[in-house]
Amino acid sequence: MQPSDDDTLPAPGDAPGDAPGDAPGDAPGGGRYGETVFRPEQQGEGERIDFGALAYDDTTMARLRALGAGPGWRCLDVGAGTGTVSRRLLTEAGVTGVLAVDRDVRFLTRRPVPGLEVLEADITAPEALSGRFQLVHARFVLMHLPDRERVITALARLVAPGGVLVLGDAVDLTSEQAPATPYSTVMRAMWQGLRATIGTDVSWVPSYPRLLRGAGLVSVAAEIHVPPLVPGSPISRFWADTWRRSRAAMLATGLVDDAAVDAALRYLDSDDCAALSAGLLTVWGRRPHDAPGGARPT
């Protein structure tokens with residue numbers, strides 16, 4: 001659903017889930033996720049998030065269950081968005097409880113389920129979270145934060161001995177070496193525009209394994225999932241909606257104009273589309289059973 005012309009202008013409000021920011025002014029342009037772009041009160045924002053969930057949730061859930069998520073586990077879902085992963089942990093994996101945290105919880109409170117606890121909080125604030133969890137999960141969150149290493153350290157401290165921290169973020173596959181297509185041209189403008197506007201930076205995401213090791217976790221491993229760009233697919237609809245909502249930021253880069261964005265939208269929805277979507281890099285690590293306590297018990 002296409003937003004109105006003013007949808008990318010700054011407005012008050014918190015992030016809708018995938019990605020809270022740190023504080024106004026941290027991004028080069030002074031913006032923040034959920035305020036400058038991707039405002040939760042904007043019509044259709046929940047649906048945009050859900051398109052991303054449809055593209056990536058099965059992969060995420062398969063990994064979480066393979067890591068042991070199940071009965072007896074208490075889980076923390078950071079930047080929970082519309083709550084699709086939180087609810088599937090409860091209904092499919094059968095975990096004991098999920099604390100779903102976001103700076104704006106309007107989408108989470110609309111669909112309550114037994115075992116789901118909702119907390120409105122900014123995870124970048126000191127002492128924002130406490131407790132111990134068998135699973136701490138954050139997806140498409142840290143890529144929008146300026147102080148990522150500190151946040152990773154803080155999240156690692158919330159993992160109970162024997163528990164696991166699972167982080168997922170985007171890796172950009174539209175590098176300068178990738179063939180030039182209407183899609184890749186607009187994606188490059190999108191990443192640059194979001195970085196200038198709200199501080200989004202995916203260039204450091206491949207360093208996740210090293211950062212988890214530095215946070216004291218062991219058995220660190222990673223995998224990547226790249227959903228196919230098929231006309232009408234959830235990931236194609238997600239990117240189309242994301243471009244529409246971040247159009248002003250893309251145009252401000254000077255890399256594209258309105259005609260280029262419109263051409264990319266047509267290309268994305270055509271059989272001519274032959275491009276690679278951004279991938280989801282998922283990295284995990286366990287807290288040793290003999291690790292010293294870090295988080296306060298609940």
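Reader: Is Trp239 buried or exposed?

Author: Trp239 counts as buried, because its relative accessibility is 5%. The cut-offs are under 20% relative accessible area for buried, over 50% for exposed and partly exposed in between, using a 1.4 Å probe and protein chains only. Trp191 is buried too, at 10%.

Reader: What sort of model is this, and how are residues numbered?

Author: The model is predicted, so local features need pLDDT of at least 70 and side-chain atom pairs 80 or more, while totals for chains, interfaces and linings use all residues. Residues count from 1 along each chain as its sequence is written, and side-chain values use heavy atoms, without hydrogens or water.

Reader: How many aromatic pairs are there?

Author: Rings of Phe, Tyr and Trp (its six-membered ring) pair if their centres lie within 6.5 Å; planes under 30 degrees apart are stacked, over 60 edge-to-face, the rest tilted. By this rule there are five aromatic pairs. One of them joins Tyr183 and Trp243, a tilted pair with 5.8 Å centre to centre and 50° between the planes. Tyr183 belongs to helix 5 (residues 182–198) and Trp243 to helix 7, so this pair ties together parts 60 residues apart in sequence. Tyr183 and Trp243 are both buried.

Reader: Why is the pair of Trp191 and Trp239 edge-to-face?

Author: The planes of Trp191 and Trp239 stand at 75°, with ring centres 6.2 Å apart, so the pair is edge-to-face. Trp191 is in helix 5 and Trp239 in helix 7, so parts 48 residues apart in sequence are tied together. Trp191, Trp239 and Phe238 are linked by ring pairs into a cluster. Helices here are DSSP runs (H or I, at least four residues), as are strands (E, at least two), numbered from the N terminus.

Reader: What does Pro234 touch?

Author: Pro234, in helix 7, touches Phe51, Leu54 and Ala55, leaving out residues up to four places away in sequence; contact means heavy atoms within 4.5 Å. Ala55 and Pro234 are 179 residues apart along the chain, yet their C-alpha atoms are separated by 5.7 Å. Pro234 is partly exposed, with a relative accessible area of 31%.
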